[in-house]
Amino acid sequence: QPRVYGINNNMEVSTHPLIFFIKPNVRLKKFHREINGFGLVSRYSFDYPTLFLKLLHRDGIGGFLADDPDVGEVPQLFVFQGECLATKRFSGYSLTGKLGMSICPGCNLDSRHLIDYDLAYPRMALYHYGMGGNMGLDWDYIHSEKVFLKADVDMFFLPKEKMFLEHKLLLSYNLTKKYILSIGYKYSYGY
């Protein structure tokens with residue numbers, strides 16, 4: 001989970017601290033206003049996956065990307081993403097719709113470097129195509145102070161590819177203020 005830092009009531013910055021040194025990343029989330037009961041938010045993020053991909057680019061243990069001289073080196077990759085979110089709160093649950101665009105200027109990662117695993121491919125293919133889009137719907141249900149559910153459906157769009165679909169459902173239980181126990185599944189479909 002990302003570490004979230006509140007700057008003020010309308011803005012927060014987050015990062016994944018455990019992977020920050022091998023995959024620098026930062027996300028800015030800004031609440032704009034409420035219109036007809038819908039809270040409007042924008043999210044902007046930056047990722048630099050080059051270091052992480054170079055760690056995976058080797059022969060032997062831990063090497064997921066082929067260390068083949070015909071494929072070439074992992075280039076410098078800078079990924080920028082922007083998303084618009086609209087949230088409607090109801091009694092006990094909320095629905096959030098999102099629409100986003102990702103760009104990776106100058107990205108031309110050889111397609112043989114892409115991991116053909118349903119959860120990884122739609123995110124990595126961005127490094128090959130240089131752009132992609134996403135949209136989704138999230139449902140958050142609070143059953144009690146300790147029990148809550150989260151479900152979502154996300155679609156990823158890439159040039160020259162069919163749509164990729166992901167769905168997850170999580171049941172979470174607050175053990176303490178600091179620790180949460182979650183169980184669930186994630187379904188992905190593509191190609």
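C104 and C107 are both buried in the predicted model. These two cysteines are joined by a disulfide, with a sulfur-to-sulfur distance of 1.6 Å. A search of the whole structure returns one disulfide. Another cysteine, C84, is exposed, with a relative accessible area of 53%.

An open sheet is formed by 10 strands in the order β1-β2-β3-β4-β5-β6-β7-β8-β9-β10, and the pairing is antiparallel. Its edges are β1 (3–8) and β10 (180–189), each of which pairs on one side only. Direction ignored, neighbouring strands of this sheet are turned by 15 degrees against each other on average. In general, the strands of a sheet pair through backbone hydrogen bonds, in either a parallel or an antiparallel sense. Within the present sheet, strand β6 (residues 93–103) pairs with strand β7 (residues 131–142) in the antiparallel sense over 11 bridges. M101 has G133 of β7 as its bridge partner.

Strands β6 and β7 are also connected through charged side chains. K98 and D138 form a salt bridge in which the closest N and O atoms are 3.5 Å apart. This pair links distant parts of the chain, since K98 belongs to strand β6 and D138 to strand β7, 40 residues apart. Both partners, K98 and D138, are buried. A further salt bridge is found between K150 and D140, with the closest N and O atoms 3.3 Å apart. K150 lies in strand β8 and D140 in strand β7, so this pair ties together parts that are 10 residues apart in sequence. K150 is partly exposed, with a relative accessible area of 24%, and D140 is likewise partly exposed, with a relative accessible area of 24%. K98, D138, D140, K150 and D154 are linked in a network of salt bridges.

For the structure as a whole, the search finds 10 salt bridges. One of the salt bridges joins D47 to K23, the closest N and O atoms being 3.4 Å apart. D47 lies in strand β4, whereas K23 lies in the loop between β2 (11–15) and β3, so the contact ties together parts that are 24 residues apart in sequence.

Aromatic contacts were examined next. With ring centres required to lie within 6.5 Å of each other, the count comes to seven aromatic pairs. The rings of F90 and Y93 have centres 4.9 Å apart and planes at 20 degrees, so the pair is classed as stacked. F90 is partly exposed, with a relative accessible area of 36%, and Y93 is partly exposed as well, with a relative accessible area of 31%. The rings of Y121 and F164 have centres 5.6 Å apart and planes at 45 degrees, so this pair is tilted.

F46, Y48, F78 and F80 form one aromatic cluster. An aromatic ring is also involved in a contact with a charged residue, as K88 lies over the face of F38 at 5.4 Å from the ring centre.

Backbone geometry was considered in two loops. Most residues other than glycine have a negative phi, and most peptide bonds are trans. N36, a residue other than glycine, has a positive phi, near 50 degrees. N36 is placed in the loop between β3 (25–35) and β4 (38–47), and this residue is exposed, with a relative accessible area of 70%. K160 likewise has a positive phi, in this case near 60 degrees, in a residue other than glycine. The position of K160 is in the loop between β8 (147–157) and β9. K160 counts as exposed, at 81% relative accessibility.

Terms used: Residues numbered from 1 in each chain as written. Predicted model: local features only at pLDDT ≥ 70, side-chain atom pairs only at ≥ 80, totals over all residues. Heavy atoms only, no water. Phe/Tyr/Trp six-rings, centres within 6.5 Å; stacked < 30°, edge-to-face > 60°. Buried < 20%, exposed > 50% of the residue type's maximum accessible area, 1.4 Å probe, protein only. Lys NZ or Arg CZ within 6 Å of the ring centre and 35° of its normal. Pairing = 2+ DSSP bridges. Helix = DSSP H or I, 4+ residues; strand = E, 2+ residues; numbered from the N terminus. Axes fitted to C-alpha atoms, helices over the stretch in contact; angles between N-to-C directions. Disulfide = S-S within 2.5 Å. Salt bridge = Lys/Arg side-chain N within 4 Å of Asp/Glu carboxyl O.
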